[in-house]
Each structure stands twice: as C-alpha cells, then as structure tokens.
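I opened this entry to note what I looked up in one structure. The sequence and the model come next.

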Amino acid sequence: MNNIIGARPPAWLRGLALVALLWNLIGVAFYLGEVGVLGGPFAPPEPATEMPGWVTAAYAIGVFGGALGALGLLLLKRWEGPVVWASLIALVLDWGWVMFASGHGIQPLGIVVLVVAAGLVWLASTGAKRGWLS
C-alpha cells in the first residue's frame with residue numbers, strides 16, 4: 001500500500017532520527033576521547049586497554065557512519081541505508097573485539113549500541129521500502 005515513491009513519512013520518524021543523531025554524536029565524542037582529541041569525561045578510564053589499529057578504525061567508521069546515517073535519515077535521504085549498514089558492520093567488529101578478545105567480557109553498553117545500530121538499519125530498510133526516503 002505504502003510502496004509509492006514519495007509516500008509521506010510518519011511524524012515519529014524525524015523525531016526518532018534526531019534522537020539517533022544525538023546518540024551517535026555522543027559516540028563520536030567518546031571516540032574523540034579515546035584517540036586523545038577530547039579529555040574530561042570522554043577520556044578512557046585508566047588503565048585503558050590499547051585497541052589495535054583495525055579496532056580503532058572500526059570504532060571510527062561505526063560512530064561517524066552512525067552519525068552520518070542518522071543525519072541522512074533525518075533528512076529522509078535514501079543514501080543513508082548503505083551508510084548505516086557500514087556503521088553496523090564496523091560496530092560489530094569493534095564491540096566483538098571489546099567483548100571477546102580484549103578480556104573485558106560482555107558489555108551492556110555494547111549490546112545497546114549494537115541494538116540501536118541494527119534499529120537504524122531496520123529504519124533505513126523500512127523507509128526505503130515504504131517510499132519515505134528520496
């Protein structure tokens with residue numbers, strides 16, 4: 001029924017996209033703290049486990065991709081779909097290392113981050129199928 005191009009998106013979509021953007025910007029701030037650009041509450045706790053370069057790269061792709069994808073969803077742009085997919089894959093790699101290879105064990109924050117990232121992928125897919133995104 002709603003598979004028409006240019007279908008009117010539901011009112012809640014932009015509100016949810018704005019919340020997702022703010023959530024991902026917090027992730028960007030924590031990434032910048034991890035790499036030493038920001039300090040204070042965004043700095044990693046001591047003693048921090050040093051992440052391998054590929055994990056740091058996955059972290060960056062995950063948080064910046066999530067923020068860009070959430071912005072695309074807020075603007076109702078179809079290009080945000082591949083961006084949030086790349087973000088989800090990168091976050092699975094990042095949190096997979098944190099939970100299973102770093103010795104920190106299962107992290108509740110990691111589970112929440114992955115669920116939110118998967119939710120953005122679902123919204124992108126649903127929005128594209130229903131014609132909400134251009």
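Read along the sequence, I found the pattern α-α-α-α. I counted four helices and zero strands; helices (H or I, at least four residues) and strands (E, at least two) are DSSP runs, numbered from the N terminus. The C-alpha trace spans about 55 × 25 × 20 Å along its principal axes.

I noted that the model is predicted, that local features need pLDDT of at least 70 and side-chain atom pairs pLDDT 80 or more, while totals for chains, interfaces and linings use all residues. Residues are numbered from 1 along each chain as its sequence is written, and side-chain values use heavy atoms, leaving out hydrogens and water.

I looked up the largest pocket and found about 860 Å³ of space in it. Phe-30, Glu-34, Tyr-59, Trp-95 and Leu-109 are the closest to its centre of the 35 residues that line it. The elements giving two or more residues to this lining are α1 (11-34), α2 (53-74), α3 and α4 (108-129). Helix α3 gives the most, eight residues.

For the terms, I wrote down that a pocket is an open set of points on a 1 Å grid where a 1.4 Å probe fits, with protein on both sides within 12 Å along at least five of seven lines, and that lining residues have an atom within 4 Å of a point. The volume is the space filled by probe spheres set on the points, which are joined across faces, edges and corners.

**Aromatic pairs**

I counted three aromatic pairs (ring centres of Phe, Tyr and Trp, the last by its six-membered ring, within 6.5 Å; planes under 30 degrees apart are stacked, over 60 edge-to-face, the rest tilted). The ring centres of Trp-12 and Trp-132 are 6.0 Å apart and the planes at 90°, so this pair is edge-to-face. Trp-12 is in helix α1 and Trp-132 in the segment after α4, 120 residues apart.
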